[in-house]
Structure formats: structure tokens, C-alpha cells
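Here is a short walk through the fold of this chain, from its overall make-up to a few individual residues. Keep the viewer open as you read.

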Amino acid sequence: MKKVTKVFLVVGVIAIAAGAVMAGIGLAANGGNGFSVYWDKGFKVSEDLKLVTMDKTEFEAFKDIDIDVTGKVNLVENKTDKFEVEYSLYATDDKVVCEVKDSKLVVKINDEINFLNFDLGFINDDDDLPYVTVYYPAGSEFDSINIDTSAGGFFSEDKVKAKLLFVDVSAGGINIENYEGAFEADCSAGGIEVRNCDLTDMNVDLSAGGIEMHNSKINGGKLEVSAGGVEGHGIELLSDIDIDCSAGGVELELTNGDDMGYRIDSSVGSIIIDGDKFKDEVNLNEDADIMVSIDCSAGSVEISYQK
């Protein structure tokens, strides 16, 4: 990527950040209460979209999860051997679909009127967020977990295994812990945190927000961040990884860094590998079995080896 192109990308990112600040000022001016917008033959603003709730309810066992809502989504290991679901979601009517069919749990809002709710706890308490919580028995293994949430985020801290976890979040954080399997995420605005995971593959596209990784195995992948850094501590890389940051630094602490090869390009910022400083471009051990490729337009790169 040419440096002049990178400069324009950084300028664009700064403009996006300024827009986010202005949005925050608008929410603050409204006392943090936010507002709701829905459209049906034209945009309208509503203050009376109601919360539709379902208490913790048992369902038959399922191998797939497909959730498409506006709100926070939680996966929680159950204290019993039951599969259960509870939710509290905004809707214009009791049109929340929650069912298990062909071993797949589906939770969605089946409503003709589409809406965006901006009263989602950005300033208010997190307890005010609409949510879906899925409870699963200990030791459960899923074929696929697909989460699509406009705002609110995805949180899974208990041990869970799946062939693929895919999360699409427009605004909100993603927090996974003790997860085993492939992980893919598309996040417009919000951070991603990974802890104590064994990822057979990791592919992330993050527009605004940082990525934090702790004490995890990563069997390769690609991380793209437009505005925000990438930070990893106690990371064991098992295959090639490609990291692209337009604005934000990269800091990695690797458990097996001696076995790596590096291709690093940093237009604005320093490069340090195991204490050694380099200029704006590095090519080391290119015949290594595992390659770490980093393209950092504006930000420093520091790679250290865990002793």
C-alpha cells in the first residue's frame, strides 16, 4: 500500500472518530435517554416501543444457534442438563420468534416495522439493555453458532465448543472466553476480547475498536482493523496470521516467537522484535513454517517472547 494512500486512510478514520464524538454529544444532550427510530413508509421517532419478555424456558436439545436481534446476546453454561432461553427485546408487538426446529434454535424479531433503538445503555446502566440469554448443559458441542445483533454485543465466558462461531455486531463489544473452534467476526463499532480460547481459525473485520487476546491458541487467520489496535498476551500461534491495522498499534507477546518468520510494514511508528529495533520494514526468517505478516499504517509494532 502506498504511503500517500495510507495517509488518506488515516484522515478518513479520524473523520469517522469525530462523527462518533458528535453522536456521543447528541446522546449526552438528551440526558443519555436516547431515542428509537422505526420506518414504515417513512422514518418516525417513537418513545413507546415496548419490551417483549420471556422468562427462562426449557427447549428440546439443539446443535445449531441462529440469533438475529437488537440487543445483547449471552451464552451461559446451565447448572442443569437443560437447554433454556430467556429474553427481553424491543418489538412493536409480540412478534419475537423463539423456537427449535431441525435441531436449530432460532431467535429473531419477525416484525413488518423495522426499527433501530438508540436507548441501549451506551450511557445508561448495562442492565437496561434488551437481551437474549441461551443456557446450555456443560460439555455441549455445537455445529454452528450464528449471532447477528444491531447493537448490544455478544458475551460468552463459560466453556463451549463449536465448529464455527460467527458474530456480526453493528455496535457493541464481543467477549469470548474458554471457547474452542473457529471464530469469525464482523464488527462495525466495538472492541473484541478473547481469553483462554483454542481457535482453530480466527478471522475478524473490525471497523472501529481494538482487539485484545489473552492466553489463547490461534491456528492462523486474518485480523483487519480500521481504527484500533491489536494486543495479545500469552499467545501461541500454530499457523500463519495476517494483521492489517490502518490506525492503531500492534503488540504481541508470543509463547513460541522463536519459531516465527516476520513480514512487517509500519509507515508511521517503530518496530521492535524481541528487543531489537528496526526501521519501517522488516523481513525475517521468511522460510519459517509460521509467518506473522503485519501492515500497520499509523502505529508501532512490538513483538516479544514470553520467557
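## Overall make-up

The chain's secondary structure comes to 1 helix and 26 strands. Please keep in mind that this is a predicted model. Of the 307 residues in the chain, 45% count as buried. The chain's accessible surface comes to about 15,000 Å², and carbon and sulfur atoms account for 47% of that area.

Contacts across the sequence also deserve a look. Among contacts in the chain with a separation of 6 or more, 47% are between residues 24 or more positions apart.

## How confident is the prediction?

The average pLDDT of the chain is 84, and 78% of the residues score at least 70. Residues 1–11, however, have a pLDDT below 50; beyond near neighbours in sequence, this stretch makes 13 contacts in the model.

Another stretch to treat with care is residues 38–46, where pLDDT stays under 50. For these residues the model has 18 contacts beyond four places in sequence.

## Strand E19 and its partners

Which strands pair with E19 (residues 241–247)? One is E17, residues 221–227, which is parallel to E19 and joined to it over 6 bridges. Within this pairing, lysine 222 has aspartate 242 of E19 as its bridge partner.

Strand E25, covering residues 290–298, also runs parallel to E19, with 5 bridges joining the two. Here aspartate 244 stands opposite aspartate 295 of E25. Strand E19 is mostly covered, with 6 of its 7 residues buried.

## The nonpolar core

In soluble globular proteins, nonpolar side chains tend to be buried together. In this model, the largest nonpolar core has 71 residues. The residues with the most contacts inside that core are Ile65, Ile174, Phe183, Ile192, Met202, Ile211 and Met213.

Take isoleucine 65 as an example. Leaving out residues up to four places away in sequence, isoleucine 65 touches Leu75, Leu105, Val134, Phe142, Ser144, Ile145, Asn146 and Ile147.

## A closer look at serine 88

Serine 88 has its place in strand E5, which spans residues 83–91. Is serine 88 buried or exposed? Serine 88 counts as buried because its relative accessibility is 10%, and the cut-off for buried is under 20%.

Which residues does serine 88 touch, not counting those up to four places away in sequence? They are Leu51, Val52, Thr53, Pro130 and Tyr131.

How values were computed: Residues numbered from 1 in each chain as written. Predicted model: local features only at pLDDT ≥ 70, side-chain atom pairs only at ≥ 80, totals over all residues. Heavy atoms only, no water. Buried < 20%, exposed > 50% of the residue type's maximum accessible area, 1.4 Å probe, protein only. Helix = DSSP H or I, 4+ residues; strand = E, 2+ residues; numbered from the N terminus. Pairing = 2+ DSSP bridges. Core = buried A, V, L, I, M, F, W, Y, C linked by side-chain atoms within 4.5 Å. Contact = heavy atoms within 4.5 Å. pLDDT = per-residue confidence, 0-100. Areas by Shrake-Rupley, 256 points an atom, 1.4 Å probe, with all protein chains shown as cover.
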